[in-house]
Amino acid sequence: MRRGPVAPQRGARRAAGEPRGYLYLPDYVSAAERADVLAWLATLHPIWEMRYPTSRPPPVGKQQRPLLRPVYWLGNWQFACLDYYHPPKGIANRCVAAEPYPKVLAAIVARAEALVRAKLAPSDIPPQWHLNTCLVNFYGNREVTDAAGKQKWVDSARVGEHRDFEPGPVVSLSFGERALLQFIPHGRHVNPAPVKQEWLADRSLQVFGGSYWKDETLHRVQRVETKTKNLLGPAIDGFATRRINFTFRYVPVAHVVPYAKLSPQARHDVHAYMQQLATHSQFFAAALRAAPDR
């Protein structure tokens with residue numbers, strides 16, 4: 001495996017007077033590492049998830065819907081229908097053990113963890129913090145059928161405002177087209193103006209931690225550019241990917257469970273997804289075989 005620079009810390013940006021806990025480093029990933037990451041990505045088989053379980057009605061006032069984009073998770077998988085991970089009450093049956101990081105990502109993550117510990121305040125880094133979960137988001141255009149029955153492509157490269165509830169700093173790696181990420185105030189605001197925005201470029205790394213960035217603000221991907229016209233792998237039916245983002249976070253180890261140890265209801269809710277993943281993954285195939293109700 002080709003290796004990038006040992007400690008690419010130069011060029012980190014933090015605006016004067018800005019609350020602590022934010023870093024942005026362009027060109028963090030070397031060109032050689034980028035090639036290795038994209039080669040590995042081409043072997044993945046992302047899945048489309050529905051927001052709520054398909055075996056029972058959605059919550060009152062909510063409508064069943066697919067996510068805007070296909071996804072893949074590493075370290076542990078937070079299925080949308082299990083309502084993700086959000087302490088203090090949303091802990092049980094949320095984080096299902098998943099495949100480990102490939103070597104090229106593990107090396108980048110190790111450097112990023114060292115960077116976070118060197119640059120962020122110790123009080124913003126929980127005990128045992130390490131980046132043990134990763135959401136791989138695929139941003140691009142999705143093929144849909146309109147009301148007249150015609151196929152068309154729509155841009156679904158965005159994410160609405162939200163918080164990452166996992167404790168400690170969040171690390172994000174970007175590949176492909178630039179994305180405009182915005183932070184907005186968290187609270188009772190009507191159409192609040194962003195307090196910060198950053199164009200996340202190809203091969204860049206973003207870090208945010210501490211109470212201001214994690215608790216007092218929400219963040220969103222407002223749009224993704226279409227300048228280069230380059231598509232990234234893997235091939236996904238009905239989807240054209242122009243940006244891929246890795247969001248690395250920390251889930252306490254005690255909250256990560258094998259599929260076999262989920263509650264019966266949770267296993268039932270994600271069983272079809274597990275079967276789909278198992279067709280291409282020995283890890284998930286073994287997880288299914290270990291389940292008591294296989």
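## Positive phi angles

Aspartate 27 sits in the loop between β1 (22-25) and α1 (31-41). Although aspartate 27 is not a glycine, its phi is positive, at about 55 degrees. The model is a predicted one.

Tyrosine 84 belongs to the loop between β3 and β4. Its phi is near 55 degrees, again a positive value in a residue other than glycine. Tyrosine 84 has a relative accessible area of 27%, so it counts as partly exposed.

## Cis peptide bonds

The bond from proline 87 to proline 88 is cis, and its omega is near 10 degrees. Proline 88 lies in the loop between β3 (76-77) and β4 (95-97).

Glycine 233 and proline 234 are also joined by a cis peptide bond, with omega about 5 degrees. Proline 234 is placed in the loop between β12 (217-224) and β13 (239-249).

## The chain as a whole

The protein chain contains five helices and 14 strands. Its radius of gyration is 19 Å, close to the 19 Å given by the globule rule for 294 residues, so the chain is as compact as a globular protein of that length. Along the principal axes, the C-alpha atoms fill a box of roughly 55 × 50 × 50 Å.

Of the contacts with a separation of 6 or more, 74% are between residues 24 or more positions apart.

## Burial, surface and charge

Buried residues account for 49% of the 294 residues. The chain exposes about 14400 Å², and carbon and sulfur atoms supply 53% of that area.

There are 39 positive and 24 negative side chains, and the centres of the two sets are 1 Å apart.

Note on methods:
Residues numbered from 1 in each chain as written. Predicted model: local features only at pLDDT ≥ 70, side-chain atom pairs only at ≥ 80, totals over all residues. Heavy atoms only, no water. Helix = DSSP H or I, 4+ residues; strand = E, 2+ residues; numbered from the N terminus. Rg over C-alpha atoms; globule rule 2.2 N^0.38 Å. Buried < 20%, exposed > 50% of the residue type's maximum accessible area, 1.4 Å probe, protein only. Contact = heavy atoms within 4.5 Å. Areas by Shrake-Rupley, 256 points an atom, 1.4 Å probe, with all protein chains shown as cover. Lys, Arg positive; Asp, Glu negative; His and termini not counted. Charge placed at Lys NZ, Arg CZ, Asp CG, Glu CD.
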